[in-house]
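Here is a walk through one protein model, strand by strand. Keep the structure open as you read.

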Amino acid sequence: NISAYRIVQSTGSLTPIAGSPFSSGPFPWTISSDAAGRFLFTGNEGDLTVSAFTVDATSGALTPAPGSPFPVGSQPTSVAVDNGAHYVYVCNNLDNTISGFSVSASGALTSLPGFPISTAPYIDPLTLTIDPRGKFLYVVTANSNNVVAYSIDAGTGSLTIVGSLATGTFPDSAAVDPTGRYLLVSNSVSSNVDVYSIDGQLGLLTQVAVSSSSGLGNPYTVAADPSGKRAYVGNGRPSDIVGYGLNPKTGALKQLPTSPYSGVSAPYSLSFDLSGSFLYVANDSGNSVSGYSVNRTTGALTAVPGSPFAAGSGPTGVTVIDRVRP
């Protein structure tokens, strides 16, 4: 199921909304929402489907879209929706495929012609992400140790591969900074973060930086803050959050002097609110969500009052929907 909360705007604390938790398909592994906060999607590993919901702008309540859930491939580990909610893509980890859908005004999904597509020769697609303009999709393939770039046809949603680059060992998370300049990839076995510059016209990648492995151990997830000036990594060993300054000119990462930050337990997913004032973390082994206020000047994190907040069993994804306001 999906636990849903209202964010107390003055403090960042969370309070459950009416009707929470909401039913999804079995074993939802990933969760994603569009920039406008109209829709929410989960990949359900238990029955090989993706669930689609509309989001009530006043209450935050979720309503299943017509026809939901929709069939996908085996082990849908990641779902991405472009900011305009035109297309949804799902990486099917065991099938080595990507499913693609168009999104209707009701949130219902229709499979795009030609999908699913194979990621071969790249295997074990684990995470995918879309750049802010909706022009490019990036997929990390864990056993191939690659990040693969695709262009998205704005009219049809079709994907065309434009290139690939080597990553560290076992890449498991990817994020594009909100400016669209850089792609960040966390590597759980080599315990580092790769930074790639993005060619804004072609989507091609160029590696520009690699973080030190100091302080990182089996990182699960990476996210850039809305300013594009910092990046944060959910660390598996030990369980903490490592923060970095992200140089806007070079892409270089420099660990924040107040980092790392405690208060998490197997942090599988990170999500900022649109203002960058708060960061939320899904704690897989903690059955909870941690919340932090973000110092907008230094990037330092401070736990919000009441954190961590109780959730269901084994939460692996979190997303903030900024459309919902009290």
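Strand β17 (residues 171-176) and β18 run antiparallel, joined by five bridges. Strands here are DSSP runs of E of at least two residues, numbered from the N terminus; two strands pair if DSSP finds at least two bridges between them. The model is predicted: local features need pLDDT of at least 70, side-chain atom pairs count only at pLDDT 80 or more, and totals for chains, interfaces and linings use all residues. Residues are numbered from 1 along each chain as its sequence is written, and side-chain values use heavy atoms, with hydrogens and water left out.

Val176 has Leu183 in β18 as its bridge partner. The two strands form a hairpin with five residues between them. In that turn, Gly180 has a positive phi of about 80 degrees.

β18 also pairs with strand β19 (residues 192-198), antiparallel, over six bridges.

How many residues of β18 are buried? Six of the six (residues 182-187) are, so the strand is largely enclosed by the rest of the structure. Buried means under 20% relative accessible area, with a 1.4 Å probe and protein chains only. Tyr182, Leu184 and Ser186 cover one side; Leu183, Val185 and Asn187 lie on the other.

Now turn to another sheet. It is open, with four antiparallel strands in the order β13-β14-β15-β16. β13 and β16 (159-166) are at the edges with a single partner strand each, so one side of each has no neighbour in the sheet. Six bridges join β14 to β15; Tyr138 pairs with Ala149 in β15.

Conventions: Buried means under 20% relative accessible area, exposed over 50%, partly exposed in between (1.4 Å probe, protein chains only).
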